[in-house]
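Good morning, and thank you for making time for this presentation.

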Amino acid sequence: MTEVYSMDPLIIKTPYEMSYKHSYGKTSKFFTSLSAGKLMATRCDHCKFTFLPPRADCPYCLAETKWVEISGKGIVHTFSTLYFSGEKFLKDLPFQLVYVELEGVDTLFLTRLKIKDKNSTKIGMKIKMKISREPEWRSSDVWAEPED
Amino acid sequence: MARKVAAVAGGLTYFSKARRDKTQEELAAEAARMALFDNDIDLGKDEIDGTIVSYFSDHFENQLLFGSIIQDYLGFNPKPSVRIEGGGATGGLAVRDAYAHVASGLLDVAMVIGFEKMSEVNTAKGNEFIALASDTDWDFPIGGFYSGYYALMARRHMEEFGTTEEQMAMVAVKNRNNAQHNKFAQTNPKMNPFGMKDGGKITVDDVLKSPYVAFPLKRLDICLMSDGAAVLILASEEKAKKITDTPIWITGTGAGTDAMRAGDRPRTLAGVPILPHENKQWYKKLEYPGVHSFRAGRESARQAYKMAGITNPLKQLDAIELHDAYTSSEIQTYEDLGLAKYGEGGKLVEDGVTAINGDLPVNPSGGLIGTMHAVGATGVMQAVEMFWQLQGVAGKFHGSDKTQVKNAERGLIHSHAGTGTYVTASIMER
């Protein structure tokens with residue numbers, strides 16, 4: 001039965017649900033490599049540029065890239081602590097997002113920083129990427145932690 | 001050779017968190033009626049040759065092909081129409097597209113119809129829909145949403161240049177308080193019957209004490225989510241001179257782009273595209289654009305200035321309406337537009353240069369922070385605002401003379417999507 005929110009003006013509630021069969025295409029390997037404990041990026045040998053998130057095709061020369069393993073070590077480029085979010089992540093609040101500069105990677109990688117004392121996060125701080133043991137097959141399967 | 005194009009009329013609705021009294025098409029009609037009947041013009045509705053329809057999301061209303069519904073509702077069938085979408089820059093892109101339609105001769109008189117109704121889902125869901133306009137494979141699944149993305153960029157701007165939260169707060173105060181003299185503004189409960197009950201003037205202290213949404217951005221640093229519509233009418237030179245005695249010419253337009261994932265943007269040493277008044281030496285140690293600046297904004301300005309013959313924007317512009325989705329992004333945009341050196345945007349607001357009575361008022365309307373961000377309407381609203389400013393009739397429409405920039409002859413409008421993915425800048429002149 002249609003739920004009515006108001007009569008003047010008449011406002012009704014309309015639920016809507018969707019499920020997509022989403023393909024990661026040629027970047028699938030990033031996710032499937034995580035179970036072997038490997039963090040993979042893609043590299044264009046022509047442009048000498050390494051991408052994470054991976055791109056199957058180099059945006060600079062449109063050559064196909066190749067997979068390379070990276071160390072997952074890096075530093076914080078910038079950070080933010082979130083106290084609000086989209087509906088889906090309200091349950092996780094507050095959490096920290098960071099752009100990290102990773103060894104051997106030319107792009108910045110956006111990820112969560114899991115840290116005990118959020119006030120201690122600093123630009124330039126050393127981090128190490130961690131991999132979830134229970135994959136959800138999403139970018140949230142990896143995150144950064146301080147490297148002690 | 002492109003034809004000269006002028007704005008000849010504009011109309012706005014009252015903006016509100018929720019305009020439940022009207023449907024989206026009824027809001028568009030409210031703005032269209034103002035454009036046709038409240039401007040000093042000699043133009044019948046039947047003289048409109050076609051429309052450019054500007055709205056961002058199919059999700060907010062769960063209705064695709066809404067452009068067709070608008071075209072029908074406003075009675076423009078079977079004339080040509082096209083829908084433009086480009087995230088937050090939707091409105092600016094639509095104005096630019098209408099310019100191209102008229103300049104090319106495809107249309108003689110074009111109506112740009114911008115609207116959005118964001119209130120039919122809750123605020124967190126609305127933020128989630130907007131976050132779907134970020135990379136949903138990589139940036140969204142970790143909890144990313146736009147205030148977070150801009151916060152990361154703002155924090156890096158602070159690191160690079162020493163920009164402060166106080167300077168950001170000054171932007172919020174300027175725009176919010178300008179909006180208190182604009183009857184259309186959502187934060188103006190005294191003049192807008194649909195205004196926020198807890199709106200009104202604010203102080204720097206209010207901003208600094210408002211709760212963090214995403215450090216360093218606080219609730220009052222962030223733009224509104226709105227329902228509403230904006231309509232602008234453009235015409236060819238020949239038509240414009242018959243329609244009005246005070247056409248406002250579009251003398252330049254530019255558009256730029258950048259990577260959806262800001263982390264993918266280059267960090268090139270000395271990579272700043274230099275504007276005519278700038279010196280390459282200023283930026284020889286700066287990695288650009290990184291995540292501290294909007295390369296698309298710089299590119300759009302460079303093109304628009306070149307086309308309009310502007311070599312010193314701070315001196316040659318009299319007013320600006322720019323996309324202040326966040327206080328930080330207004331400061332970043334000052335620099336992209338060449339109003340201040342990269343790194344000195346914060347000082348510009350601190351020195352009062354961009355205040356309503358300053359040398360170059362920015363967002364005299366109240367902007368996205370004070371007035372509205374009904375996404376598809378936003379860039380169109382900026383064009384309407386600048387049109388009224390340059391005609392000298394802003395006070396008449398706003399219901400207060402305090403928003404009118406004295407003797408404004410040339411202005412810039414700036415429209416910006418998701419962390420600077422799409423940006424447009426256009427120059428309007430008396």
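**Strands, helices and an interface**

Let me begin with one pair of residues: A:Thr42 has A:Trp67, in β5(A), as its bridge partner. Please keep in mind throughout that we are looking at a predicted model.

That pair belongs to the pairing of strand β3 (residues 39-44) of chain A with β5(A), where the two strands run antiparallel and are joined by 5 bridges. Both take part in an open sheet of 3 strands in chain A, ordered β4-β3-β5, in which the pairing is antiparallel. Which strands stand at the edges of this sheet? They are β4 (49-51) and β5 (66-70) of chain A; each has a single partner strand, so one side of each is left without a neighbour in the sheet. Direction ignored, neighbouring strands here are turned by 40° against each other on average.

Chain A also contains a hairpin, in which 2 residues connect β1(A) to β2(A). Strand β1 (residues 4-7) and strand β2 (residues 10-12) of chain A run antiparallel, with 3 bridges between them. Within this pairing, A:Met7 has A:Leu10 of β2(A) as its bridge partner.

I turn now to chain B. Here we find an open sheet of 9 strands with mixed pairing, and the order is β3-β2-β4-β7-β1-β8-β13-β12-β11. Its edges are formed by β3 (81-84) and β11 (319-321) of chain B, each with a single partner strand, so one side of each is left without a neighbour in the sheet. From one strand to the next, the twist averages 25°.

Within the sheet of chain B, strand β2 (residues 50-54) and strand β4 (residues 109-117) pair in the parallel sense over 5 bridges. There, B:Ile52 is found opposite B:Val112 of β4(B). Helix α9 (residues 295-308) of chain B packs on the sheet and touches β8 (248-257), β12 (410-416) and β13 (422-429) of chain B. The direction of α9 makes about 145° with that of β8(B).

Next, two helix pairs of chain B. In the pair formed by helix α3 (residues 90-104) and helix α14 (residues 375-391) of chain B, the axes are 5 Å apart and the packing angle is about 55°. That angle makes α3(B) oblique to α14(B). From α3(B), the residues B:Thr90, B:Gly91, B:Gly92 and B:Val95 meet B:Gly376, B:Gly379, B:Val380 and B:Ala383 of α14(B). Of the residues in this contact, 3 are nonpolar, 5 are polar and none is charged.

In the second pair, the axes of helix α5 (residues 146-161) and helix α11 (residues 327-336) of chain B come within 10 Å and cross at roughly 55°. Again, α5(B) is therefore oblique to α11(B). Their crossing is left-handed. Among the contributors to the contact are B:Tyr150 and B:Phe161 of α5(B), together with B:Ile331 and B:Glu335 of α11(B). The contact residues divide into 5 nonpolar, 4 polar and 1 charged.

Finally, how do the chains meet? The contact brings together 36 residues of chain B and 42 residues of chain A. About 3700 Å² is buried between the two chains, and carbon and sulfur atoms give 62% of this area. Within chain B, the residues losing the most area to chain A are B:Trp138, B:Ile142 and B:Leu152, which together give 22% of what that side buries.

Key: Residues numbered from 1 in each chain as written. Chains lettered and ligands numbered in written order. Predicted model: local features only at pLDDT ≥ 70, side-chain atom pairs only at ≥ 80, totals over all residues. Heavy atoms only, no water. Axes fitted to C-alpha atoms, helices over the stretch in contact; angles between N-to-C directions. Helix = DSSP H or I, 4+ residues; strand = E, 2+ residues; numbered from the N terminus. Parallel < 35°, antiparallel > 145°, perpendicular 65-115°, else oblique. Contact = heavy atoms within 4.5 Å. Nonpolar A, V, L, I, M, F, W, Y, C, P; charged D, E, K, R; others polar. Left-handed = near helix turned anticlockwise from the far one by under 90°. Pairing = 2+ DSSP bridges. Buried area = accessible area lost by both parts, 1.4 Å probe.
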